Each structure stands twice: as structure tokens, then as C-alpha cells.
Amino acid sequence: MSGLLAALVLLTFAGHTIITAAGAEISIWHAGPSDLGDRLRFAGWAVVCAAILVGLRRSAAVLAWTAAVAEVVLLVSRFGADPVMAIGSLWRVAPTLIAAAALTVPAPSRRAVAVLRVWRLLPVVAALVLIDGIFLLNKLGEPTLYVHAPSLNAQRGDGSFGLSASSELVVALYAAGVVVAVLTLVVTVATLAAPLRRRLAVLFVPVAALVVLADAALGDWAFSPQQLEHPLFRVPALFVALVGVPAAIFAAGVLLVRHR
């Protein structure tokens with residue numbers, strides 16, 4: 001189940017990256033213009049999701065591990081030339097590893113569908129499609145006058161991640177759609193049995209921590225002309241925190257789950 005959910009999330013963000021590429025936005029979620037790699041990610045995770053749903057678990061695991069190795073190699077190769085992009089892309093490695101590891105654990109071929117049930121899976125997929133759909137509509141109707149959506153923009157460092165429209169009403173409708181999608185995901189996950197909810201928390205809370213840490217590490221330096229020379233990217237403690245803190249949270253979560 002966690003493998004399918006991680007793959008769906010990665011598919012959604014791959015779609016978001018492609019959609020927002022026209023604006024060449026740089027943020028923790030979108031590290032630069034769309035390229036062949038982004039399209040390969042989207043196609044690859046779409047195939048992984050399809051393989052899981054039809055019961056080809058081993059094929060999905062092989063593809064997921066291929067994606068994990070590719071993400072790590074890309075991250076390492078990028079760091080020397082563009083540390084901002086590398087740190088901004090770091091969050092993708094964690095859910096990729098989660099998907100690969102979860103799909104490698106022996107289980108019945110359609111275990112994820114059996115656990116989630118169709119009545120949960122459909123709202124999850126619909127909510128994720130809605131999120132990408134809203135950003136696609138936003139991009140297609142890009143306004144000449146930029147209007148911030150205070151409730152959604154969540155100015156994170158560079159403030160480039162958000163929705164815009166020439167009418168505040170349209171922005172509010174976009175925001176409402178995203179809120180509905182997120183609430184749908186939360187409510188759907190809340191209907192799972194308590195042990196499953198705890199396991200999902202153990203897997204995905206460290207990913208959230210990694211996103212927060214990476215965003216804090218980048219701060220306003222993403223647009224600094226001195227970004228490559230800034231000592232921030234040569235401080236070992238930074239990378240120890242980026243890797244060590246999520247790992248520690250994961251280890252603590254595993255211990256808590258085992259003791260319950």
C-alpha cells in the first residue's frame with residue numbers, strides 16, 4: 001500500500017513540475033525548467049502505478065529501484081555544478097526509496113488494492129488528479145496581473161510556489177479546490193486501520209521533515225548570484241542534518257510502532 005501511495009505522490013509532483021515548467025519557477029518542489037528527465041519521471045511513475053494496480057509487483061519494484069538509483073546519481077552529479085538544484089531535489093529521493101523498498105517486500109500481487117479498497121483508492125487518485133488539474137488550469141489561464149492567494153501561497157523563501165489569476169475570486173476557487181483535494185486525502189487515510197495509519201506516518205513524516213529542512217537550508221540563497229560560493233553549501237553539519245534528522249525520525253517511529 002505504501003509503495004502505491006508513494007508512487008502516486010511522485011507521479012503527481014512529476015506532473016506538477018512539467019505543468020509549472022513554462023514559468024521556470026525555482027522552489028523546493030520545482031528545481032528548474034522541465035526537461036527530458038521530468039517527462040521520464042512522469043512516464044515511469046505512471047507505469048509503476050499501472051503495474052501495481054494490475055498486479056505486476058516485481059516489475060513495479062524493478063522500475064522503482066531504477067528510479068531510485070537514477071535520482072541518487074542525478075543528485076550527486078548535480079551538486080558540484082548547482083547545489084541549490086541538488087538540495088531542492090533532495091526530497092524526491094526519500095519517497096522514491098520508500099516506493100522501491102515497499103514494493104520489494106514480499107506480498108500478494110494486488111495487496112495494495114486489497115488493503116486500500118476501491119472506495120478509498122478512487123478518491124485518492126481523484127484528489128491527486130484534481131491538484132495537478134488546478135495547476136494546469138492556472139497555467140493555461142496565466143493572467144497579465146499577478147494576484148497572490150494568501151491562503152495558499154505560503155511564501156517559502158523565494159515565494160515562487162503559488163497560484164495566480166486576474167481575479168481574486170478565481171484564485172479563491174483554485175485554493176478551495178486544492179483544500180478539498182487535500183482534505184479528501186486526509187479523510188481517506190483516516191479511514192484506514194490504526195496500525196496502517198501509524199506505519200504510513202512512520203514512512204512519510206521523515207519525508208515532510210526533509211522538505212522543511214531543505215527549504216530552510218535554501219532560504220533566500222536560491223536566487224543569490226553568489227549561491228555557488230556561499231559557505232552554506234560547504235558546511236558538513238548541513239548535510240548531516242538533511243540526512244540524519246529524517247533518518248532519526250524514521251528510526252524513532254519504527255521503535256514506537258514496535259512497542260505498541
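User: How many salt bridges does a search of the whole structure find?

Analyst: A salt bridge is a side-chain nitrogen of Lys or Arg within 4 Å of a carboxyl oxygen of Asp or Glu. Here the search finds three. This is a predicted model, where local features need pLDDT of at least 70 and side-chain atom pairs count only at pLDDT 80 or more, while totals for chains, interfaces and linings use all residues. Residues are numbered from 1 along each chain as its sequence is written, and side-chain values use heavy atoms, leaving out hydrogens and water.

User: Which residues are linked in the network of salt bridges?

Analyst: The network links D38, R41, E71 and R92. R41 and D38 meet at 2.9 Å, N to O. Because they sit three residues apart in helix α2 (residues 36-54), about one helical turn separates them; a helix here is a DSSP run (H or I, at least four residues), numbered from the N terminus.

User: What does E71 pair with?

Analyst: E71 forms a salt bridge with R41, with the closest N and O atoms 2.6 Å apart. That pair links distant parts of the chain, E71 in helix α3 (residues 57-79) and R41 in helix α2, 30 residues apart. R92 also forms a salt bridge with E71, at 3.8 Å between the closest N and O atoms. R92 lies in the loop between α4 (83-89) and α5, 21 residues from E71.

User: Is R92 buried or exposed?

Analyst: Buried means under 20% relative accessible area, exposed over 50%, and partly exposed in between (1.4 Å probe, protein chains only). R92 has 8% relative accessibility, so R92 counts as buried. E71 is buried too, at 7%, and R41 is buried at 12%.

Key:
Helix = DSSP H or I, 4+ residues; strand = E, 2+ residues; numbered from the N terminus.
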